[in-house]
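Please read these points with the structure open beside you.

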Amino acid sequence: MKMHHGKFASAVTLSALLTCPSLASAETLRVADSFPVGHYIAENMTKVWMEKVTELTGGEVEFEYYPAEQLGKSKDLLSLAQTNTVDIGYVGVSYIADKLPLSAVGELPEAFNKSCQGTEAYWSIAKPGGILDQAELAPQGVRMLLVMVLSPYQIMTAKKEISGVDSFDGLKLRATGGTKEIAVELMGATPVTIPAPETREALTRGTIDGVLFPHSSVLPYELEPALAYGTEDMNFGSFVASYVISEDRWNRLDPTVQQAMTDAAEEVIRSACKISEELDLEDKQTMADAGVEFISFSDDDKAEINERMGTIGEKWAEELDARGLQGTEVLEAFRNALAEQNGASE
């Protein structure tokens, strides 16, 4: 994923916090994630939230931030939060689908094509008291503090022109994750698992014909010179980035701190997803300037693709139902929340 600096970033400056007169009695919370230094999610959501909490508590809370897997691998950060080894841990739900299968509902190719639509809908069911919280997060002993659902993944090809719904028949497309691989198959293509750093070479050598990627991942891996066409305004899957705290650690926080965290989250989640959308458009424009042609499907083709993608959610829910989990209920709640978001944006 791309690292963004500058005009949208608001970082936590520990040196500034050290001047706070109440710091001697301040509570220090350790926040750990896997993002590289300067990553746009950390700069525009995580650090902004920490800064806001410190402001709302009058300096009574400070944070120690550990990026780049300094305190643990991304797949282990949930466990580290559950055991209070870290106070707040990053959870990329696709990395731990075995532990949080229901939480992957936000990564399904559902009816949203912007980060804020997906984020607002997902937050409404994942926040404390929501159905996802009750069905999965609370039983795991954690509560979600922050979340961002990324702008949807698009299909991009190296040589094959994208002209309609059948453009991908027989192509080999790089894709990772179960639901994204299903999306590729439903488009008539074959999913190929390749590490992201090897994707450009695979494109140039013809090992793969294209990729299923978000715009934010194209530029860091310098794929744009190897790509010629891309879809737009579609949803072939997404990614959920969140932070959690254990209920035990939460309950030991002062109620005023809890309220500050909650208030800060409501503000920052919305501002961060808007920045994510702006950065996504910037990345898309950079790709277009490099020669990538973005194709809008006809209304009929869009309807056909959305119908195909819509079947993924049903299969996902049925599989979870068969395991005794609330797949259908969570999916319906997410879809209802999306419908509210889409209605509000009209």
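**Notes on the model**

1. Helix α11 gives the most to the negative patch, with three residues. The model is a predicted one, and the points below should be read with that in mind.

2. Glu 319 belongs to helix α11. Is Glu 319 buried or exposed? Its relative accessible area is 55%, so Glu 319 counts as exposed, the cut-off for that word being over 50%.

3. For the overall fold, the protein chain has twelve helices and eleven strands. Its radius of gyration is 20 Å, close to the 20 Å that the globule rule gives for 346 residues, and therefore the chain is as compact as a globular protein of that length. Along the principal axes, the C-alpha atoms fill a box of roughly 65 × 45 × 40 Å.

4. How much of the protein chain is buried? Of the 346 residues, 55% are buried.

5. Met 144 is found in strand β4, which covers residues 142-149. Met 144 is buried because its relative accessibility is 3%, and buried means under 20%. Between Met 144 and Gly 59 there are 23 Å in space, C-alpha to C-alpha, and the two are 85 residues apart in sequence.

Note on methods:
Residues are numbered from 1 along each chain as its sequence is written. This is a predicted model: local features need pLDDT of at least 70, side-chain atom pairs count only at pLDDT 80 or more; totals for chains, interfaces and linings use all residues. Side-chain values use heavy atoms; hydrogens and water are left out. Helices (H or I, at least four residues) and strands (E, at least two) are DSSP runs, numbered from the N terminus. Buried means under 20% relative accessible area, exposed over 50%, partly exposed in between (1.4 Å probe, protein chains only). The radius of gyration is taken over C-alpha atoms; the globule rule is 2.2 Å times the number of residues to the power 0.38.
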